[in-house]
Amino acid sequence: MKPAGTILAVPHLSVRPQSVVSRADGEWALAHANGLDKLVIRPAAGHDDVLRGFDGELGEHDGRRLLIGPASARNAAVLREQLSWLAPQLVGHRTSFGFGDRLGLATPGHVRALKAAGGSIIPVFAQQSARELARTVRTAADVLNAATWGAFAEGWTGPQGADADHLKTTADIDAFCAAGFTMFTIDPGDHVGQIEPDATAGDLRIGFAALPWLELEESPTALLARYAGRVFDIEGLPLGFSEETLVRAAIKYARAVVHVAKMYRHLVAVAGARVVELEVSVDETDTPTSPAEHVFVATELRRLGVTWTSLAPRLVGRFEKGVDYIGHAAAFEADWMVHAAIARVLGPYKLSLHSGSDKFSIYKAVATHTRGVVHVKTAGTSWLEALRTLAATDRRLFRELYGFARERYDADRASYHVSARVDAAPDPATLSDDQLPALLDDFHARQVLHVTFGSILTAADSEGSGRFSHRIMAGLRTRAEDYAANLETHFVRHLRPFAAASTGA
Ligand SMILES: [Zn+2]
(Lines give C-alpha, C1' and ligand atoms only; values in the text may rest on other atoms or scores of the structure.)
Protein backbone atom coordinates (compact mmCIF):
# COMPACT_ATOMS: atom_id res chain seq x y z
CA MET A 1 0.00 0.00 0.00
CA LYS A 2 1.29 3.40 -0.96
CA PRO A 3 0.21 5.91 1.69
CA ALA A 4 -2.09 8.44 0.00
CA GLY A 5 -1.23 12.12 0.26
CA THR A 6 2.55 11.47 0.39
CA ILE A 7 5.36 11.44 -2.10
CA LEU A 8 5.16 7.62 -2.21
CA ALA A 9 1.71 7.81 -3.80
CA VAL A 10 2.80 9.73 -6.92
CA PRO A 11 1.81 7.57 -9.94
CA HIS A 12 4.24 6.40 -12.68
CA LEU A 13 7.22 6.74 -10.37
CA SER A 14 8.88 4.06 -8.33
CA VAL A 15 10.08 5.98 -5.30
CA ARG A 16 12.83 4.43 -3.16
CA PRO A 17 11.14 4.32 0.25
CA GLN A 18 14.45 4.53 2.14
CA SER A 19 15.25 7.82 0.39
CA VAL A 20 12.17 9.72 1.54
CA VAL A 21 12.84 12.81 3.62
CA SER A 22 9.75 14.28 5.29
CA ARG A 23 9.89 17.70 6.89
CA ALA A 24 7.39 20.40 7.79
CA ASP A 25 8.24 22.22 4.55
CA GLY A 26 8.00 19.28 2.16
CA GLU A 27 9.06 15.84 1.04
CA TRP A 28 12.09 14.77 -0.99
CA ALA A 29 12.81 11.39 -2.55
CA LEU A 30 14.77 9.59 -5.23
CA ALA A 31 12.71 7.69 -7.77
CA HIS A 32 13.28 5.57 -10.81
CA ALA A 33 11.56 6.38 -14.08
CA ASN A 34 12.39 5.11 -17.59
CA GLY A 35 15.65 3.61 -16.37
CA LEU A 36 16.88 6.88 -14.84
CA ASP A 37 17.19 8.22 -11.31
CA LYS A 38 14.89 11.16 -10.67
CA LEU A 39 14.73 13.67 -7.88
CA VAL A 40 11.17 14.23 -6.67
CA ILE A 41 10.15 17.13 -4.44
CA ARG A 42 6.68 17.78 -3.06
CA PRO A 43 6.51 21.03 -1.10
CA ALA A 44 4.15 21.35 1.84
CA ALA A 45 1.28 23.83 1.45
CA GLY A 46 2.69 27.35 1.37
CA HIS A 47 6.29 26.13 0.93
CA ASP A 48 6.77 26.24 -2.85
CA ASP A 49 9.99 28.15 -2.16
CA VAL A 50 11.76 24.83 -1.46
CA LEU A 51 11.71 24.24 -5.24
CA ARG A 52 13.92 27.27 -5.87
CA GLY A 53 17.09 26.52 -7.78
CA PHE A 54 16.23 22.98 -8.87
CA ASP A 55 16.08 21.82 -12.49
CA GLY A 56 13.16 19.71 -13.57
CA GLU A 57 9.57 19.58 -14.69
CA LEU A 58 6.94 21.18 -12.53
CA GLY A 59 3.64 19.39 -12.26
CA GLU A 60 0.89 18.95 -9.80
CA HIS A 61 -0.30 16.00 -7.78
CA ASP A 62 -3.03 15.77 -5.19
CA GLY A 63 -3.41 19.53 -4.97
CA ARG A 64 0.31 20.16 -4.43
CA ARG A 65 3.10 21.15 -6.74
CA LEU A 66 5.51 18.44 -7.68
CA LEU A 67 8.98 18.70 -9.20
CA ILE A 68 10.54 15.79 -11.05
CA GLY A 69 14.12 16.51 -12.01
CA PRO A 70 17.29 14.78 -13.17
CA ALA A 71 19.99 13.46 -10.83
CA SER A 72 22.23 16.21 -12.21
CA ALA A 73 25.22 18.09 -10.85
CA ARG A 74 23.14 21.21 -10.37
CA ASN A 75 20.39 19.40 -8.49
CA ALA A 76 22.98 17.68 -6.29
CA ALA A 77 24.42 21.08 -5.35
CA VAL A 78 21.03 22.58 -4.48
CA LEU A 79 20.08 19.42 -2.59
CA ARG A 80 23.23 19.70 -0.45
CA GLU A 81 22.16 23.22 0.52
CA GLN A 82 18.63 22.18 1.34
CA LEU A 83 19.28 18.85 3.11
CA SER A 84 22.37 20.04 4.92
CA TRP A 85 23.55 16.60 6.13
CA LEU A 86 24.29 15.71 2.51
CA ALA A 87 26.96 18.43 2.41
CA PRO A 88 30.40 17.27 3.51
CA GLN A 89 31.53 18.62 6.86
CA LEU A 90 34.60 18.47 9.06
CA VAL A 91 35.17 15.06 10.63
CA GLY A 92 37.66 16.22 13.24
CA HIS A 93 38.92 13.64 15.70
CA ARG A 94 35.90 11.36 15.48
CA THR A 95 36.38 7.78 14.25
CA SER A 96 36.07 7.86 10.48
CA PHE A 97 36.24 5.56 7.49
CA GLY A 98 36.98 6.41 3.87
CA PHE A 99 35.12 4.55 1.13
CA GLY A 100 36.63 5.27 -2.24
CA ASP A 101 34.14 4.71 -5.03
CA ARG A 102 35.79 4.78 -8.43
CA LEU A 103 32.58 4.05 -10.34
CA GLY A 104 30.25 6.34 -8.41
CA LEU A 105 27.74 3.56 -7.72
CA ALA A 106 28.91 2.16 -4.39
CA THR A 107 27.59 4.63 -1.80
CA PRO A 108 24.23 2.86 -1.21
CA GLY A 109 26.11 -0.34 -0.31
CA HIS A 110 28.49 1.63 1.92
CA VAL A 111 25.51 3.17 3.74
CA ARG A 112 23.98 -0.25 4.32
CA ALA A 113 27.24 -1.54 5.79
CA LEU A 114 27.50 1.46 8.13
CA LYS A 115 23.97 0.98 9.36
CA ALA A 116 24.52 -2.75 9.84
CA ALA A 117 27.84 -2.28 11.67
CA GLY A 118 26.36 0.12 14.24
CA GLY A 119 28.57 2.39 16.33
CA SER A 120 29.17 5.98 15.33
CA ILE A 121 31.71 5.99 12.52
CA ILE A 122 31.74 9.12 10.37
CA PRO A 123 31.82 8.04 6.72
CA VAL A 124 33.83 9.69 3.98
CA PHE A 125 31.90 8.57 0.90
CA ALA A 126 33.53 11.01 -1.52
CA GLN A 127 37.21 10.09 -1.53
CA GLN A 128 39.37 10.05 -4.59
CA SER A 129 43.00 10.76 -5.30
CA ALA A 130 44.22 12.96 -8.10
CA ARG A 131 45.71 9.80 -9.65
CA GLU A 132 42.36 7.98 -9.50
CA LEU A 133 40.55 10.92 -11.12
CA ALA A 134 42.88 10.69 -14.11
CA ARG A 135 42.49 6.91 -14.32
CA THR A 136 38.70 6.98 -14.14
CA VAL A 137 38.24 10.11 -16.32
CA ARG A 138 36.12 11.77 -13.64
CA THR A 139 36.17 15.22 -12.10
CA ALA A 140 36.24 16.06 -8.40
CA ALA A 141 32.65 17.31 -8.75
CA ASP A 142 31.58 13.96 -10.26
CA VAL A 143 32.93 12.18 -7.19
CA LEU A 144 31.16 14.49 -4.74
CA ASN A 145 27.87 14.36 -6.66
CA ALA A 146 27.89 10.56 -6.86
CA ALA A 147 28.31 10.44 -3.08
CA THR A 148 25.46 12.92 -2.63
CA TRP A 149 23.06 10.88 -4.77
CA GLY A 150 24.12 7.60 -3.18
CA ALA A 151 23.72 8.87 0.39
CA PHE A 152 20.37 10.41 -0.50
CA ALA A 153 19.17 7.24 -2.25
CA GLU A 154 19.89 5.09 0.77
CA GLY A 155 18.66 7.53 3.42
CA TRP A 156 21.97 8.44 5.10
CA THR A 157 21.18 11.42 7.35
CA GLY A 158 24.30 11.43 9.53
CA PRO A 159 27.38 13.58 8.98
CA GLN A 160 29.89 12.80 6.23
CA GLY A 161 33.27 14.08 5.11
CA ALA A 162 34.77 14.43 1.60
CA ASP A 163 38.46 13.60 1.12
CA ALA A 164 40.62 14.93 -1.70
CA ASP A 165 43.19 12.18 -1.43
CA HIS A 166 46.93 12.07 -2.16
CA LEU A 167 47.28 15.59 -3.51
CA LYS A 168 50.74 16.40 -4.83
CA THR A 169 50.36 19.83 -6.40
CA THR A 170 48.60 23.11 -5.69
CA ALA A 171 46.56 22.57 -8.89
CA ASP A 172 45.17 19.38 -7.29
CA ILE A 173 44.10 21.44 -4.27
CA ASP A 174 42.39 24.05 -6.48
CA ALA A 175 40.31 21.45 -8.34
CA PHE A 176 39.04 19.64 -5.25
CA CYS A 177 38.49 22.86 -3.29
CA ALA A 178 36.36 24.32 -6.07
CA ALA A 179 34.22 21.17 -6.06
CA GLY A 180 33.47 21.56 -2.33
CA PHE A 181 35.71 18.94 -0.70
CA THR A 182 36.46 19.51 2.98
CA MET A 183 39.34 17.13 3.79
CA PHE A 184 42.64 17.52 1.96
CA THR A 185 45.24 14.77 2.11
CA ILE A 186 48.65 16.12 1.24
CA ASP A 187 51.15 13.58 -0.07
CA PRO A 188 54.72 14.91 0.10
CA GLY A 189 56.10 11.48 -0.86
CA ASP A 190 58.08 12.87 -3.81
CA HIS A 191 59.99 15.07 -1.34
CA VAL A 192 60.98 12.34 1.10
CA GLY A 193 64.77 11.93 1.00
CA GLN A 194 66.59 8.63 0.59
CA ILE A 195 69.53 7.68 2.74
CA GLU A 196 71.74 4.95 1.32
CA PRO A 197 72.34 2.09 3.77
CA ASP A 198 76.11 2.59 3.47
CA ALA A 199 75.97 6.37 3.98
CA THR A 200 79.02 7.64 5.88
CA ALA A 201 79.11 10.39 8.52
CA GLY A 202 80.45 12.64 5.77
CA ASP A 203 77.52 11.84 3.47
CA LEU A 204 75.08 12.67 6.26
CA ARG A 205 76.87 15.98 6.95
CA ILE A 206 76.62 16.95 3.29
CA GLY A 207 72.98 15.89 3.06
CA PHE A 208 72.07 17.86 6.18
CA ALA A 209 73.86 21.01 5.00
CA ALA A 210 72.03 20.84 1.66
CA LEU A 211 68.52 21.01 3.21
CA PRO A 212 66.33 24.01 2.22
CA TRP A 213 67.14 26.05 5.34
CA LEU A 214 65.53 29.21 4.10
CA GLU A 215 62.19 27.48 3.63
CA LEU A 216 62.64 25.65 6.91
CA GLU A 217 62.98 29.09 8.52
CA GLU A 218 65.77 27.71 10.65
CA SER A 219 69.55 27.32 10.70
CA PRO A 220 71.32 23.95 10.94
CA THR A 221 72.80 24.87 14.33
CA ALA A 222 69.48 26.05 15.73
CA LEU A 223 67.75 22.87 14.61
CA LEU A 224 70.47 20.72 16.15
CA ALA A 225 70.33 22.71 19.37
CA ARG A 226 66.56 22.31 19.66
CA TYR A 227 66.81 18.52 19.61
CA ALA A 228 70.25 17.92 21.17
CA GLY A 229 69.82 16.01 24.39
CA ARG A 230 66.06 16.50 24.30
CA VAL A 231 63.95 13.58 25.47
CA PHE A 232 60.28 13.49 24.47
CA ASP A 233 58.05 11.81 27.03
CA ILE A 234 55.71 9.63 24.97
CA GLU A 235 53.28 8.53 27.66
CA GLY A 236 56.11 7.26 29.83
CA LEU A 237 58.29 6.04 26.95
CA PRO A 238 61.40 8.25 26.72
CA LEU A 239 62.23 9.13 23.11
CA GLY A 240 65.59 10.83 22.78
CA PHE A 241 67.43 12.25 19.79
CA SER A 242 71.10 11.65 19.21
CA GLU A 243 72.68 14.00 16.68
CA GLU A 244 72.69 11.19 14.11
CA THR A 245 69.01 10.38 14.71
CA LEU A 246 68.10 14.01 14.14
CA VAL A 247 70.30 14.41 11.06
CA ARG A 248 68.85 11.27 9.47
CA ALA A 249 65.25 12.30 10.28
CA ALA A 250 65.91 15.74 8.79
CA ILE A 251 67.49 14.42 5.59
CA LYS A 252 64.58 12.07 5.14
CA TYR A 253 61.66 14.34 6.04
CA ALA A 254 62.64 18.05 6.12
CA ARG A 255 61.85 18.64 2.43
CA ALA A 256 58.53 16.82 2.89
CA VAL A 257 57.72 19.10 5.84
CA VAL A 258 58.49 22.17 3.71
CA HIS A 259 56.27 20.85 0.91
CA VAL A 260 53.35 20.17 3.28
CA ALA A 261 53.68 23.67 4.73
CA LYS A 262 53.55 25.17 1.21
CA MET A 263 50.52 23.09 0.26
CA TYR A 264 48.83 23.96 3.57
CA ARG A 265 49.33 27.69 3.08
CA HIS A 266 47.96 27.43 -0.44
CA LEU A 267 44.93 25.50 0.83
CA VAL A 268 44.19 28.06 3.53
CA ALA A 269 44.41 30.84 0.92
CA VAL A 270 42.10 29.22 -1.64
CA ALA A 271 39.61 27.93 0.95
CA GLY A 272 39.08 31.48 2.24
CA ALA A 273 36.16 31.47 4.65
CA ARG A 274 35.35 27.80 4.03
CA VAL A 275 36.36 25.33 6.74
CA VAL A 276 38.74 22.57 5.70
CA GLU A 277 40.86 19.93 7.41
CA LEU A 278 44.23 18.48 6.53
CA GLU A 279 45.72 15.02 6.50
CA VAL A 280 49.46 14.53 6.12
CA SER A 281 50.33 11.27 4.43
CA VAL A 282 53.75 9.74 3.88
CA ASP A 283 52.44 6.18 3.56
CA GLU A 284 53.56 5.63 -0.02
CA THR A 285 57.29 5.80 0.64
CA ASP A 286 59.93 3.09 0.73
CA THR A 287 60.92 2.78 4.37
CA PRO A 288 58.81 2.84 7.56
CA THR A 289 58.47 6.06 9.53
CA SER A 290 60.31 5.48 12.82
CA PRO A 291 58.88 6.92 16.05
CA ALA A 292 61.66 9.54 16.11
CA GLU A 293 60.90 10.50 12.51
CA HIS A 294 57.22 10.83 13.37
CA VAL A 295 58.12 13.14 16.27
CA PHE A 296 60.37 15.19 13.98
CA VAL A 297 57.68 15.57 11.30
CA ALA A 298 54.97 16.58 13.79
CA THR A 299 57.26 18.98 15.69
CA GLU A 300 58.51 20.73 12.55
CA LEU A 301 55.08 20.96 10.91
CA ARG A 302 53.75 22.60 14.05
CA ARG A 303 56.71 25.02 14.18
CA LEU A 304 55.89 26.09 10.61
CA GLY A 305 52.29 26.81 11.59
CA VAL A 306 50.62 23.83 9.95
CA THR A 307 47.43 22.53 11.58
CA TRP A 308 46.35 19.00 10.70
CA THR A 309 43.63 16.58 11.75
CA SER A 310 45.23 13.27 10.81
CA LEU A 311 48.58 11.82 9.86
CA ALA A 312 49.42 8.62 7.99
CA PRO A 313 52.93 7.35 8.73
CA ARG A 314 54.53 4.66 6.58
CA LEU A 315 54.05 1.63 8.83
CA VAL A 316 56.08 -1.53 9.27
CA GLY A 317 55.17 -4.56 7.20
CA ARG A 318 53.48 -4.53 3.80
CA PHE A 319 50.17 -2.84 3.04
CA GLU A 320 49.42 -4.28 -0.36
CA LYS A 321 46.31 -3.47 -2.31
CA GLY A 322 43.23 -5.60 -1.77
CA VAL A 323 44.77 -8.22 0.52
CA ASP A 324 45.39 -8.71 4.24
CA TYR A 325 48.41 -7.29 6.09
CA ILE A 326 51.68 -9.01 5.22
CA GLY A 327 54.17 -9.13 8.07
CA HIS A 328 54.31 -9.85 11.78
CA ALA A 329 51.05 -8.69 13.35
CA ALA A 330 52.78 -8.41 16.73
CA ALA A 331 55.54 -6.20 15.33
CA PHE A 332 52.92 -4.04 13.65
CA GLU A 333 50.98 -3.72 16.88
CA ALA A 334 54.04 -2.68 18.90
CA ASP A 335 54.92 -0.03 16.28
CA TRP A 336 51.35 1.22 15.94
CA MET A 337 51.01 1.64 19.74
CA VAL A 338 53.97 4.02 19.76
CA HIS A 339 52.64 6.03 16.79
CA ALA A 340 49.23 6.27 18.48
CA ALA A 341 50.86 7.55 21.69
CA ILE A 342 52.92 10.12 19.73
CA ALA A 343 49.71 11.35 18.06
CA ARG A 344 48.12 11.86 21.47
CA VAL A 345 51.15 13.57 23.04
CA LEU A 346 52.04 15.87 20.12
CA GLY A 347 48.46 16.54 19.01
CA PRO A 348 46.13 15.09 19.66
CA TYR A 349 45.48 14.16 16.04
CA LYS A 350 44.18 11.05 14.36
CA LEU A 351 46.33 8.33 12.94
CA SER A 352 45.27 7.38 9.45
CA LEU A 353 45.62 3.89 8.00
CA HIS A 354 46.04 3.94 4.25
CA SER A 355 45.63 0.96 1.91
CA GLY A 356 43.30 -0.03 4.72
CA SER A 357 41.06 -2.43 2.86
CA ASP A 358 41.07 -6.13 3.70
CA LYS A 359 43.57 -5.74 6.61
CA PHE A 360 41.39 -7.90 8.83
CA SER A 361 44.21 -9.29 10.95
CA ILE A 362 45.20 -5.88 12.36
CA TYR A 363 41.93 -3.91 12.62
CA LYS A 364 41.40 -4.67 16.28
CA ALA A 365 44.86 -3.38 17.20
CA VAL A 366 44.39 -0.34 14.94
CA ALA A 367 41.09 0.57 16.59
CA THR A 368 41.98 -0.12 20.24
CA HIS A 369 45.43 1.46 20.48
CA THR A 370 44.18 4.71 18.95
CA ARG A 371 41.13 4.58 21.26
CA GLY A 372 39.04 5.15 18.16
CA VAL A 373 40.89 8.36 17.22
CA VAL A 374 41.60 6.91 13.80
CA HIS A 375 40.79 7.16 10.12
CA VAL A 376 40.89 4.23 7.69
CA LYS A 377 41.07 4.55 3.90
CA THR A 378 39.92 2.00 1.39
CA ALA A 379 39.37 2.41 -2.33
CA GLY A 380 39.91 -0.46 -4.70
CA THR A 381 38.09 -2.99 -2.61
CA SER A 382 34.74 -1.50 -3.69
CA TRP A 383 35.85 -1.91 -7.29
CA LEU A 384 36.61 -5.56 -6.55
CA GLU A 385 33.11 -6.00 -5.12
CA ALA A 386 31.75 -4.54 -8.35
CA LEU A 387 33.70 -7.19 -10.23
CA ARG A 388 32.44 -9.88 -7.84
CA THR A 389 28.92 -8.77 -8.73
CA LEU A 390 29.67 -8.99 -12.47
CA ALA A 391 31.44 -12.35 -12.08
CA ALA A 392 28.17 -13.80 -10.81
CA THR A 393 25.82 -12.02 -13.20
CA ASP A 394 27.61 -11.29 -16.50
CA ARG A 395 30.18 -14.01 -16.91
CA ARG A 396 31.06 -13.17 -20.49
CA LEU A 397 31.94 -9.61 -19.59
CA PHE A 398 33.83 -10.71 -16.50
CA ARG A 399 35.93 -13.20 -18.51
CA GLU A 400 36.86 -10.41 -20.94
CA LEU A 401 37.80 -8.09 -18.06
CA TYR A 402 39.93 -10.69 -16.32
CA GLY A 403 41.73 -11.63 -19.53
CA PHE A 404 42.41 -7.97 -20.29
CA ALA A 405 43.59 -7.32 -16.71
CA ARG A 406 46.08 -10.19 -16.99
CA GLU A 407 47.53 -8.60 -20.14
CA ARG A 408 47.79 -5.17 -18.53
CA TYR A 409 49.00 -6.12 -15.05
CA ASP A 410 52.75 -6.04 -15.53
CA ALA A 411 52.59 -2.53 -16.94
CA ASP A 412 49.95 -1.18 -14.54
CA ARG A 413 51.43 -2.47 -11.31
CA ALA A 414 54.33 0.00 -11.41
CA SER A 415 52.69 2.68 -9.23
CA TYR A 416 51.27 0.27 -6.65
CA HIS A 417 52.50 -1.82 -3.75
CA VAL A 418 51.57 -5.30 -4.97
CA SER A 419 53.39 -8.60 -5.24
CA ALA A 420 50.95 -10.77 -7.22
CA ARG A 421 52.17 -12.54 -10.35
CA VAL A 422 50.08 -13.16 -13.46
CA ASP A 423 51.45 -16.70 -13.79
CA ALA A 424 50.16 -17.46 -10.30
CA ALA A 425 46.68 -16.05 -10.99
CA PRO A 426 44.28 -18.76 -12.19
CA ASP A 427 44.10 -19.15 -15.99
CA PRO A 428 40.52 -18.27 -17.01
CA ALA A 429 40.52 -21.01 -19.68
CA THR A 430 40.68 -23.63 -16.94
CA LEU A 431 37.75 -22.18 -14.96
CA SER A 432 34.06 -22.99 -15.33
CA ASP A 433 31.57 -20.13 -15.12
CA ASP A 434 30.66 -21.16 -11.59
CA GLN A 435 34.27 -20.83 -10.51
CA LEU A 436 34.61 -17.20 -11.67
CA PRO A 437 33.35 -15.43 -8.51
CA ALA A 438 35.99 -17.30 -6.45
CA LEU A 439 38.67 -15.37 -8.36
CA LEU A 440 37.71 -12.44 -6.14
CA ASP A 441 39.04 -14.44 -3.17
CA ASP A 442 42.35 -15.33 -4.83
CA PHE A 443 45.36 -13.26 -3.72
CA HIS A 444 46.90 -12.98 -7.19
CA ALA A 445 43.67 -12.47 -9.13
CA ARG A 446 42.53 -9.78 -6.68
CA GLN A 447 45.67 -7.71 -7.17
CA VAL A 448 45.66 -8.24 -10.93
CA LEU A 449 42.08 -6.92 -11.07
CA HIS A 450 42.77 -4.22 -8.47
CA VAL A 451 45.53 -2.24 -10.13
CA THR A 452 44.25 -2.50 -13.71
CA PHE A 453 41.02 -0.55 -13.05
CA GLY A 454 42.27 2.49 -14.93
CA SER A 455 43.17 0.49 -18.04
CA ILE A 456 39.84 -1.33 -17.93
CA LEU A 457 37.79 1.84 -17.51
CA THR A 458 39.63 3.83 -20.17
CA ALA A 459 40.08 1.05 -22.77
CA ALA A 460 38.54 2.15 -26.06
CA ASP A 461 37.04 0.05 -28.83
CA SER A 462 37.80 0.64 -32.53
CA GLU A 463 35.27 3.49 -32.63
CA GLY A 464 36.93 5.24 -29.72
CA SER A 465 34.19 4.66 -27.18
CA GLY A 466 34.55 2.70 -23.94
CA ARG A 467 35.42 -0.92 -24.61
CA PHE A 468 34.19 -2.11 -21.19
CA SER A 469 33.10 0.92 -19.17
CA HIS A 470 29.54 1.23 -20.52
CA ARG A 471 28.85 -2.46 -20.02
CA ILE A 472 30.30 -2.37 -16.49
CA MET A 473 28.15 0.60 -15.51
CA ALA A 474 25.01 -0.79 -17.15
CA GLY A 475 25.55 -4.20 -15.53
CA LEU A 476 25.98 -2.69 -12.08
CA ARG A 477 22.94 -0.43 -12.49
CA THR A 478 20.83 -3.45 -13.44
CA ARG A 479 22.28 -5.40 -10.53
CA ALA A 480 22.26 -2.54 -8.05
CA GLU A 481 20.74 -4.70 -5.31
CA ASP A 482 23.38 -7.43 -5.74
CA TYR A 483 26.18 -4.86 -5.73
CA ALA A 484 24.84 -3.20 -2.57
CA ALA A 485 24.47 -6.59 -0.87
CA ASN A 486 28.05 -7.59 -1.75
CA LEU A 487 29.38 -4.26 -0.47
CA GLU A 488 27.41 -4.58 2.74
CA THR A 489 28.75 -8.08 3.45
CA HIS A 490 32.31 -7.03 2.66
CA PHE A 491 32.34 -3.74 4.59
CA VAL A 492 30.57 -4.90 7.71
CA ARG A 493 33.69 -6.99 8.38
CA HIS A 494 35.82 -3.86 7.94
CA LEU A 495 33.67 -1.62 10.09
CA ARG A 496 32.78 -3.74 13.13
CA PRO A 497 36.14 -3.39 14.95
CA PHE A 498 35.99 0.39 14.46
CA ALA A 499 32.32 0.65 15.41
CA ALA A 500 33.24 -0.95 18.74
CA ALA A 501 35.86 1.75 19.41
CA SER A 502 34.07 4.63 17.69
CA THR A 503 33.99 8.06 19.22
CA GLY A 504 31.62 9.82 16.84
CA ALA A 505 28.61 10.20 19.14
ZN1 LIG B 1 47.75 6.39 0.87
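What you see is a predicted model, in which local features need pLDDT of at least 70 and side-chain atom pairs count only at pLDDT 80 or more, while totals for chains, interfaces and linings use all residues. Residues are numbered from 1 along each chain as its sequence is written, and side-chain values use heavy atoms, with hydrogens and water left out.

Still with everything selected, note that the C-alpha atoms fill a box of roughly 80 × 60 × 45 Å along the principal axes. Of the 505 residues, 55% count as buried, a word that means under 20% relative accessible area, with exposed being over 50% and partly exposed in between (1.4 Å probe, protein chains only).

Now select Ile7, in the segment before strand S1 (14-15). Is Ile7 buried or exposed? At 0% relative accessibility, Ile7 counts as buried. Leaving out residues up to four places away in sequence, Ile7 touches Val15, Val20, Glu27, Trp28, Ala29, Val40, Ile41 and Arg42, contact meaning heavy atoms within 4.5 Å.

Next, select Ser455 in helix H16 (residues 453-458), which is buried with a relative accessible area of 13%. Its side chain makes a polar contact with the side chain of Asp412 (2.5 Å). A polar contact is a pair of N or O atoms within 3.5 Å; within protein, one must be able to donate a hydrogen and the other to accept it, and residues adjacent in sequence count only if both atoms are side-chain atoms. Beyond four places in sequence, Ser455 is in contact with Phe404, Arg408 and Asp412.

Finish at His494, found in helix H18 (residues 480-501) and buried, with a relative accessible area of 0%. Which side chain makes a polar contact with the side chain of His494? It is that of Tyr363, at 3.4 Å. Apart from neighbours within four places in sequence, the contacts of His494 include Phe97, Gly356, Asp358 and Thr378.

Conventions
Helices (H or I, at least four residues) and strands (E, at least two) are DSSP runs, numbered from the N terminus.
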